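Here is a short tour for a first visit. Keep the sequence and the model side by side.

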Amino acid sequence: MNQIKSKNINNFICKVTVNNNLLSSLVNIQRKSNPNDQKYDLLNLEKFKEFVKNCEKKLKSKKTKVLIISFNSNKKYKIDHLLMRNITEIASCFLGNLVSQNKHGEKNVVVYDRGRNLSIKNGARYHQTREGGSIHTDNVNVSSRWKYMILSCLAEGQVGGETILVNGNDVYNQLKKNYKEAKRILQKKFFWEKRGVSKSFYSAPILQINKKGEAEFRYLRPYLESAHIKKKKPLNSKQLYALDVLDALLESSKNQYRCHLKAGDLILALDSQVLHGRTSFSDFYHSKSVFSNNKKKSPLKRTMVRTWIKT
Ligand SMILES: [Fe+2]
(Lines give C-alpha, C1' and ligand atoms only; values in the text may rest on other atoms or scores of the structure.)
Protein backbone atom coordinates (compact mmCIF):
# COMPACT_ATOMS: atom_id res chain seq x y z
CA MET A 1 0.00 0.00 0.00
CA ASN A 2 1.39 3.43 -0.95
CA GLN A 3 2.29 5.64 1.97
CA ILE A 4 0.88 9.16 2.21
CA LYS A 5 3.13 12.22 2.31
CA SER A 6 2.69 13.69 5.78
CA LYS A 7 4.42 15.93 8.29
CA ASN A 8 3.70 16.38 12.00
CA ILE A 9 2.86 19.98 12.92
CA ASN A 10 2.77 19.40 16.68
CA ASN A 11 1.91 16.65 19.17
CA PHE A 12 -1.57 15.95 17.72
CA ILE A 13 -1.85 17.47 14.21
CA CYS A 14 -0.42 16.05 11.02
CA LYS A 15 -0.39 17.78 7.63
CA VAL A 16 -0.97 15.62 4.55
CA THR A 17 -0.33 16.67 0.95
CA VAL A 18 -2.18 15.04 -1.94
CA ASN A 19 0.24 14.05 -4.70
CA ASN A 20 -0.13 15.03 -8.38
CA ASN A 21 -1.00 11.52 -9.44
CA LEU A 22 -4.06 11.43 -7.18
CA LEU A 23 -5.00 15.05 -7.98
CA SER A 24 -5.02 14.27 -11.69
CA SER A 25 -7.54 11.47 -11.13
CA LEU A 26 -9.70 13.56 -8.75
CA VAL A 27 -10.21 16.40 -11.24
CA ASN A 28 -12.06 13.92 -13.42
CA ILE A 29 -14.76 13.22 -10.85
CA GLN A 30 -18.05 14.37 -12.24
CA ARG A 31 -19.24 17.55 -10.48
CA LYS A 32 -22.67 17.14 -8.93
CA SER A 33 -24.49 20.05 -7.35
CA ASN A 34 -26.26 18.24 -4.53
CA PRO A 35 -24.12 15.62 -2.80
CA ASN A 36 -27.00 14.79 -0.44
CA ASP A 37 -28.81 12.76 -3.09
CA GLN A 38 -26.18 11.45 -5.42
CA LYS A 39 -24.40 8.20 -6.05
CA TYR A 40 -20.82 7.89 -7.27
CA ASP A 41 -19.13 5.07 -9.04
CA LEU A 42 -16.87 4.28 -6.09
CA LEU A 43 -15.26 1.39 -7.98
CA ASN A 44 -13.48 3.91 -10.19
CA LEU A 45 -12.00 5.63 -7.16
CA GLU A 46 -9.81 2.85 -5.78
CA LYS A 47 -6.72 5.08 -5.65
CA PHE A 48 -8.57 7.68 -3.62
CA LYS A 49 -9.99 5.00 -1.33
CA GLU A 50 -6.48 3.73 -0.61
CA PHE A 51 -5.38 7.30 0.19
CA VAL A 52 -8.32 7.84 2.59
CA LYS A 53 -7.67 4.51 4.30
CA ASN A 54 -4.01 5.46 4.78
CA CYS A 55 -5.14 8.75 6.33
CA GLU A 56 -7.40 6.81 8.68
CA LYS A 57 -4.46 4.59 9.65
CA LYS A 58 -2.60 7.72 10.80
CA LEU A 59 -5.47 8.52 13.16
CA LYS A 60 -5.18 5.06 14.69
CA SER A 61 -1.69 5.88 15.89
CA LYS A 62 -1.60 6.95 19.52
CA LYS A 63 -0.54 10.54 18.95
CA THR A 64 -2.25 11.93 15.86
CA LYS A 65 -5.83 13.11 16.40
CA VAL A 66 -6.36 15.39 13.42
CA LEU A 67 -5.18 15.62 9.82
CA ILE A 68 -5.10 18.73 7.66
CA ILE A 69 -5.22 17.42 4.11
CA SER A 70 -4.39 19.82 1.25
CA PHE A 71 -5.96 19.26 -2.16
CA ASN A 72 -4.63 22.60 -3.40
CA SER A 73 -0.90 21.84 -3.71
CA ASN A 74 -0.75 22.16 -7.51
CA LYS A 75 -2.59 24.93 -9.39
CA LYS A 76 -2.52 22.80 -12.54
CA TYR A 77 -5.22 20.63 -10.96
CA LYS A 78 -8.02 23.02 -10.15
CA ILE A 79 -10.32 21.77 -7.40
CA ASP A 80 -13.29 24.17 -7.45
CA HIS A 81 -15.91 24.37 -4.71
CA LEU A 82 -18.30 21.90 -6.36
CA LEU A 83 -15.55 19.35 -6.79
CA MET A 84 -14.22 19.91 -3.25
CA ARG A 85 -17.70 19.25 -1.86
CA ASN A 86 -17.92 16.05 -3.89
CA ILE A 87 -14.43 14.95 -2.75
CA THR A 88 -15.48 15.54 0.86
CA GLU A 89 -18.60 13.42 0.43
CA ILE A 90 -16.68 10.56 -1.19
CA ALA A 91 -13.89 10.58 1.44
CA SER A 92 -16.57 10.49 4.15
CA CYS A 93 -18.25 7.47 2.54
CA PHE A 94 -14.91 5.60 2.51
CA LEU A 95 -14.57 6.17 6.27
CA GLY A 96 -18.02 5.00 7.39
CA ASN A 97 -21.68 5.97 7.52
CA LEU A 98 -22.68 9.61 7.37
CA VAL A 99 -24.82 10.94 10.24
CA SER A 100 -27.86 13.21 9.65
CA GLN A 101 -27.16 16.72 10.93
CA ASN A 102 -30.64 18.23 10.97
CA LYS A 103 -34.34 17.44 10.85
CA HIS A 104 -34.21 17.36 7.02
CA GLY A 105 -31.77 14.44 7.22
CA GLU A 106 -28.93 16.29 5.50
CA LYS A 107 -25.58 14.53 5.84
CA ASN A 108 -23.42 17.06 4.05
CA VAL A 109 -24.01 20.46 5.57
CA VAL A 110 -22.64 23.73 4.29
CA VAL A 111 -21.24 26.14 6.88
CA TYR A 112 -21.56 29.82 5.97
CA ASP A 113 -22.97 33.07 7.31
CA ARG A 114 -26.71 33.21 6.45
CA GLY A 115 -27.10 36.78 7.73
CA ARG A 116 -25.15 39.30 9.79
CA ASN A 117 -27.99 39.52 12.34
CA LEU A 118 -27.96 35.83 13.25
CA SER A 119 -26.51 34.79 16.61
CA ILE A 120 -26.10 31.51 18.47
CA LYS A 121 -27.44 33.30 21.57
CA ASN A 122 -30.76 33.85 19.77
CA GLY A 123 -31.16 30.24 18.71
CA ALA A 124 -29.21 30.11 15.43
CA ARG A 125 -26.88 27.18 14.84
CA TYR A 126 -23.15 27.86 14.93
CA HIS A 127 -22.71 26.92 11.25
CA GLN A 128 -25.20 29.58 10.12
CA THR A 129 -23.43 32.55 11.71
CA ARG A 130 -20.18 34.55 11.40
CA GLU A 131 -19.56 34.35 15.13
CA GLY A 132 -16.36 33.04 16.61
CA GLY A 133 -15.62 31.57 20.04
CA SER A 134 -17.29 28.62 21.74
CA ILE A 135 -14.53 26.03 21.33
CA HIS A 136 -16.52 22.83 20.98
CA THR A 137 -17.05 19.33 19.69
CA ASP A 138 -19.71 18.78 17.03
CA ASN A 139 -21.25 15.71 18.69
CA VAL A 140 -23.65 17.71 20.88
CA ASN A 141 -27.10 17.76 19.30
CA VAL A 142 -27.09 14.02 18.51
CA SER A 143 -26.99 11.86 21.64
CA SER A 144 -25.26 8.80 20.13
CA ARG A 145 -21.51 8.88 19.59
CA TRP A 146 -20.00 9.09 16.13
CA LYS A 147 -16.28 9.18 15.33
CA TYR A 148 -14.95 11.50 12.63
CA MET A 149 -15.71 15.08 11.74
CA ILE A 150 -14.68 16.46 8.36
CA LEU A 151 -14.57 20.17 7.70
CA SER A 152 -13.56 21.19 4.18
CA CYS A 153 -12.88 24.69 2.97
CA LEU A 154 -14.72 25.59 -0.25
CA ALA A 155 -14.08 29.34 -0.15
CA GLU A 156 -12.34 31.89 2.10
CA GLY A 157 -13.98 35.08 3.37
CA GLN A 158 -12.51 38.58 3.38
CA VAL A 159 -11.10 38.69 6.92
CA GLY A 160 -10.82 36.48 10.01
CA GLY A 161 -12.21 32.99 10.41
CA GLU A 162 -9.07 31.33 11.74
CA THR A 163 -9.62 27.67 12.59
CA ILE A 164 -8.77 26.76 16.18
CA LEU A 165 -7.84 23.22 17.23
CA VAL A 166 -7.31 22.02 20.81
CA ASN A 167 -6.02 18.62 21.88
CA GLY A 168 -8.57 17.21 24.35
CA ASN A 169 -5.89 15.12 26.02
CA ASP A 170 -3.78 18.20 26.87
CA VAL A 171 -6.82 19.83 28.49
CA TYR A 172 -7.63 16.62 30.37
CA ASN A 173 -4.08 16.37 31.75
CA GLN A 174 -4.30 19.95 33.03
CA LEU A 175 -7.71 19.29 34.63
CA LYS A 176 -6.36 16.14 36.28
CA LYS A 177 -3.31 17.90 37.64
CA ASN A 178 -4.57 21.32 38.70
CA TYR A 179 -8.38 21.49 38.61
CA LYS A 180 -9.58 18.24 40.18
CA GLU A 181 -12.94 19.62 41.40
CA ALA A 182 -13.80 21.00 37.94
CA LYS A 183 -12.82 17.66 36.36
CA ARG A 184 -15.08 15.77 38.80
CA ILE A 185 -18.08 17.98 37.89
CA LEU A 186 -17.44 17.76 34.11
CA GLN A 187 -17.65 13.96 34.44
CA LYS A 188 -21.21 14.23 35.80
CA LYS A 189 -24.30 14.52 33.60
CA PHE A 190 -25.54 17.77 32.02
CA PHE A 191 -28.64 18.43 29.91
CA TRP A 192 -28.30 18.85 26.15
CA GLU A 193 -30.75 20.03 23.53
CA LYS A 194 -30.99 18.47 20.08
CA ARG A 195 -30.99 21.87 18.41
CA GLY A 196 -31.95 21.64 14.72
CA VAL A 197 -32.69 17.91 14.95
CA SER A 198 -35.65 17.55 17.35
CA LYS A 199 -37.27 19.30 20.29
CA SER A 200 -36.23 16.64 22.81
CA PHE A 201 -33.38 16.63 25.34
CA TYR A 202 -30.88 14.12 26.67
CA SER A 203 -28.29 14.07 29.43
CA ALA A 204 -24.60 13.18 29.20
CA PRO A 205 -21.29 14.19 30.81
CA ILE A 206 -18.94 16.70 29.17
CA LEU A 207 -15.90 14.54 29.89
CA GLN A 208 -15.58 10.77 29.72
CA ILE A 209 -12.57 8.46 29.68
CA ASN A 210 -12.69 5.70 27.04
CA LYS A 211 -11.40 2.13 27.33
CA LYS A 212 -7.96 3.19 26.09
CA GLY A 213 -7.74 5.78 28.88
CA GLU A 214 -8.19 8.69 26.44
CA ALA A 215 -10.29 11.73 27.27
CA GLU A 216 -13.46 12.19 25.19
CA PHE A 217 -15.35 15.47 25.25
CA ARG A 218 -18.89 16.57 24.38
CA TYR A 219 -19.07 20.33 24.59
CA LEU A 220 -20.72 23.42 23.13
CA ARG A 221 -21.60 25.74 26.00
CA PRO A 222 -24.50 27.72 24.41
CA TYR A 223 -26.39 24.50 23.55
CA LEU A 224 -25.89 23.18 27.07
CA GLU A 225 -26.92 26.46 28.76
CA SER A 226 -30.09 26.77 26.71
CA ALA A 227 -31.00 23.14 27.47
CA HIS A 228 -30.73 23.83 31.23
CA ILE A 229 -32.92 26.95 30.86
CA LYS A 230 -35.57 25.15 28.79
CA LYS A 231 -35.61 22.21 31.25
CA LYS A 232 -36.00 24.73 34.12
CA LYS A 233 -32.89 23.20 35.76
CA PRO A 234 -30.55 26.20 35.99
CA LEU A 235 -26.86 25.41 36.14
CA ASN A 236 -25.69 25.56 39.77
CA SER A 237 -22.64 27.53 40.91
CA LYS A 238 -20.39 24.43 40.93
CA GLN A 239 -21.38 23.55 37.37
CA LEU A 240 -20.76 27.15 36.24
CA TYR A 241 -17.34 27.03 37.93
CA ALA A 242 -16.42 23.83 36.04
CA LEU A 243 -17.54 25.30 32.70
CA ASP A 244 -15.55 28.48 33.36
CA VAL A 245 -12.41 26.45 34.10
CA LEU A 246 -12.90 24.42 30.91
CA ASP A 247 -13.47 27.56 28.79
CA ALA A 248 -10.39 29.20 30.27
CA LEU A 249 -8.26 26.16 29.35
CA LEU A 250 -9.77 25.95 25.84
CA GLU A 251 -9.12 29.64 25.22
CA SER A 252 -5.56 29.56 26.53
CA SER A 253 -3.06 30.27 23.72
CA LYS A 254 -0.75 27.49 24.92
CA ASN A 255 -3.51 24.94 24.26
CA GLN A 256 -4.62 26.30 20.88
CA TYR A 257 -3.32 25.66 17.40
CA ARG A 258 -4.59 28.23 14.88
CA CYS A 259 -4.50 28.16 11.11
CA HIS A 260 -6.19 29.83 8.19
CA LEU A 261 -7.78 27.18 5.98
CA LYS A 262 -7.52 27.78 2.24
CA ALA A 263 -9.97 26.58 -0.40
CA GLY A 264 -9.05 22.95 -0.97
CA ASP A 265 -7.97 22.21 2.63
CA LEU A 266 -9.80 19.45 4.50
CA ILE A 267 -9.69 18.73 8.23
CA LEU A 268 -10.31 15.15 9.33
CA ALA A 269 -10.55 14.90 13.12
CA LEU A 270 -11.53 12.53 15.90
CA ASP A 271 -14.42 14.73 17.03
CA SER A 272 -14.51 13.81 20.72
CA GLN A 273 -10.74 14.15 21.14
CA VAL A 274 -10.16 17.40 19.25
CA LEU A 275 -12.12 20.47 20.26
CA HIS A 276 -12.42 23.08 17.56
CA GLY A 277 -13.70 26.55 16.86
CA ARG A 278 -12.99 29.62 14.84
CA THR A 279 -12.44 33.32 15.25
CA SER A 280 -15.20 35.62 13.98
CA PHE A 281 -15.03 36.55 10.33
CA SER A 282 -16.51 38.83 7.74
CA ASP A 283 -17.28 38.11 4.11
CA PHE A 284 -16.78 40.77 1.45
CA TYR A 285 -19.64 43.28 1.42
CA HIS A 286 -20.83 42.14 -2.04
CA SER A 287 -20.04 38.44 -1.61
CA LYS A 288 -22.25 35.66 -2.93
CA SER A 289 -23.11 32.22 -1.60
CA VAL A 290 -21.54 29.28 -3.46
CA PHE A 291 -25.10 28.27 -4.44
CA SER A 292 -25.96 31.54 -6.14
CA ASN A 293 -25.96 32.28 -9.82
CA ASN A 294 -22.70 34.20 -9.68
CA LYS A 295 -22.49 35.56 -13.23
CA LYS A 296 -20.55 38.68 -12.16
CA LYS A 297 -17.92 36.51 -10.44
CA SER A 298 -18.34 38.28 -7.10
CA PRO A 299 -16.18 37.00 -4.22
CA LEU A 300 -17.64 33.94 -2.49
CA LYS A 301 -18.76 33.83 1.12
CA ARG A 302 -16.46 31.93 3.50
CA THR A 303 -17.82 28.41 3.07
CA MET A 304 -17.01 25.09 4.67
CA VAL A 305 -18.69 21.75 4.19
CA ARG A 306 -19.07 19.43 7.14
CA THR A 307 -19.73 15.72 7.52
CA TRP A 308 -20.10 13.55 10.63
CA ILE A 309 -19.10 9.91 10.29
CA LYS A 310 -19.97 6.82 12.29
CA THR A 311 -17.68 3.82 11.82
FE1 LIG B 1 -18.01 22.65 14.80
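## Strand β18 and its partners

In β18, K310 is the bridge partner of N97. This comes from a predicted model. N97 sits in strand β4, residues 97-98. Two bridges join β4 to β18, and the two strands run antiparallel.

Strand β5 covers residues 109-111 and pairs with β18 over three bridges, again in the antiparallel sense. Here V111 has M304 of β18 as its bridge partner. Strand β7, residues 148-155, pairs with β18 over seven bridges, and this pairing is antiparallel too.

How enclosed is strand β18 by the rest of the structure? Six of its eight residues, in the stretch 303-310, are buried, so β18 is largely enclosed. A residue counts as buried when 20 or more other C-beta atoms lie within 10 Å of its own.

## A four-stranded open sheet

Four strands form an open sheet with antiparallel pairing. Their order is β6-β16-β9-β14. The edges are β6 (133-136) and β14 (256-259), and each of these pairs on one side only. From one strand to the next, the twist averages 25°.

Follow β9, residues 163-167, through the sheet. Five bridges join β9 to β16, residues 274-278. Along this pairing, I164 stands opposite G277 of β16, and T163 has R278 of β16 as its bridge partner. β9 also pairs with β14, over four antiparallel bridges. There, L165 is partnered by Y257 of β14.

Which strands does helix α4 touch as it packs on the sheet? Helix α4, residues 168-178, touches β9 and β16. The direction of α4 makes about 50° with that of β9.

## Two helices that cross

Packed helices are described by the angle and the distance between their axes. Helix α2 spans residues 46-60, and helix α3 spans residues 81-95. Their axes come within 9 Å and cross at roughly 65°. The crossing is right-handed.

Which residues meet in this crossing? From α2 come F48, K49, V52, K53 and E56. From α3 come I90, A91, F94 and L95. By class, the contact has six nonpolar residues, three charged and no polar ones.

## A closer look at S203

S203 lies in strand β11, residues 201-205. Is S203 buried or partly exposed? S203 is partly exposed, because 13 other C-beta atoms lie within 10 Å, while a buried residue needs 20 or more.

Setting aside its neighbours within four places in sequence, S203 is in contact with K189, F190, F191 and W192. Take K189 from that list. K189 and S203 are 14 residues apart along the chain, and their C-alpha atoms are separated by 5.8 Å.

## Two domains

Now step back to the whole protein chain. The chain is divided into two domains. Domain 1 takes in 5-134, 146-158 and 260-310, while domain 2 is 169-250. Their C-alpha centres lie 27 Å apart.

How many residues does each domain give to the contact? Domain 1 gives nine residues, and domain 2 gives 14. On the side of domain 1 that touches domain 2, two residues are nonpolar, four are polar and three are charged.

Methods:
Residues numbered from 1 in each chain as written. Predicted model: local features only at pLDDT ≥ 70, side-chain atom pairs only at ≥ 80, totals over all residues. Domains from an automatic or database assignment. Contact = placed C-beta atoms within 7 Å. Nonpolar A, V, L, I, M, F, W, Y, C, P; charged D, E, K, R; others polar. Axes fitted to C-alpha atoms, helices over the stretch in contact; angles between N-to-C directions. Left-handed = near helix turned anticlockwise from the far one by under 90°. Pairing = 2+ DSSP bridges. Buried ≥ 20, exposed ≤ 12 C-beta atoms within 10 Å, placed from the backbone.
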